[in-house]
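Here's a short briefing to read alongside the model. Take a look at the chain, then follow the notes below.

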Amino acid sequence: MTKVNREIVVSEALDLLDEVGLDTVSTRRLAKRLGVEQPSLYWYFHTKKDLLAAMAEAAMAPHAAAPLPTPDDDWREWFLDNTRSFRRTLLMRRDGARLHAGSTPANDLDRIRRKLDFLIASGVPERDAQMAMLAAGRFTVGSVLEEQADADTGDGSDPPADMPVIDHESAFEAGLTLILDGLVHRTAAPRSRGTRVSTG
């Protein structure tokens, strides 16, 4: 019997994901790939949901390893770079967006707090910082979900003649810019309101 551990199981599960897609990943297929009996996988993961959660966390490793912001960083540029890093990481795995959707970043909460602290220290109102990070994350997952769905379909059909053709990356960048522009606007607004109150 092949010797396995939790890390090997997750790594092989991600490779299986890349080969067959999320809908076809099963503990039966994974056990066969590992050369073990299916029940032995329950030693590491009690349910398939537990396995998928571990896969989602491992798939995020490249983004989780990205440097955290420093006080000298421009928060606007960092916000763009951080969201782009998230997108790149989702695209590294087949069905990466579907795998990630609904997962809870339990082991990344400290990094998320430090990112929020950076935005707040840079002048972004706390609530706006929280909502902007959430909005950018959900926008990115949705964008990648559409992109990967198109890749899986691959029917080669042409859109109607009157429909503009916009590639996925350009659409993502345009949407990300709109999110950032809105955040910049809201970040500037409290200062102007504060000035009116103090001089009134």
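**A tucked-away aspartate**

D95 is buried, with a relative accessible area of 7%. Here, buried means under 20% relative accessible area, exposed means over 50%, and partly exposed is in between (1.4 Å probe, protein chains only). Keep in mind that this is a predicted model, where local features need pLDDT of at least 70, side-chain atom pairs count only at pLDDT 80 or more, and totals for chains, interfaces and linings use all residues. Residues are numbered from 1 along each chain as its sequence is written, and side-chain values use heavy atoms, with hydrogens and water left out.

**More on D95**

- You'll find D95 in the loop between α5 (75-91) and α6 (96-100); helices (H or I, at least four residues) and strands (E, at least two) are DSSP runs, numbered from the N terminus.
- D95 isn't a glycine, yet its phi is positive, about 60°.

**Helix α1, end to end**

- α1 has 15 residues and spans 21 Å from first C-alpha to last, close to the 21 Å expected at 1.5 Å a residue (the expected span is 1.5 Å times one less than the number of residues).
- At its start, a side-chain oxygen of N5 comes to within 3.1 Å of the backbone nitrogen of E7.
- After α1 comes G21, with a positive phi near 90°.

- V9, V10, A13, L14, L16 and L17 are the buried ones in α1.
- Looking down the helix axis, the buried residues of α1 fall within an arc of 160°, so they line one face; the arc is that of the directions from the axis to the C-beta atoms.
- Those buried residues pack against α2, α3 and α6, where contact means heavy atoms within 4.5 Å.
- E7 and E19, on the other side of α1, are exposed.

**The nonpolar cores**

- A nonpolar core is a set of buried Ala, Val, Leu, Ile, Met, Phe, Trp, Tyr and Cys residues joined through side-chain atoms within 4.5 Å.
- The largest one has 21 residues, and V9, L30 and L99 touch the most other members.
- α1 (6-20), α2 (27-34) and α3 (48-59) are the elements that give two or more residues to this core, and α1 supplies the largest share, 6 residues.
- Leaving out residues up to four places away in sequence, L30 touches V9, E12, A13, L16, L41 and L51.
- There's also a second, separate core of 17 residues, including W75, L119, I179 and L183.

Methods
A polar contact is a pair of N or O atoms within 3.5 Å; within protein, one must be able to donate a hydrogen and the other to accept it, and residues adjacent in sequence count only if both atoms are side-chain atoms.
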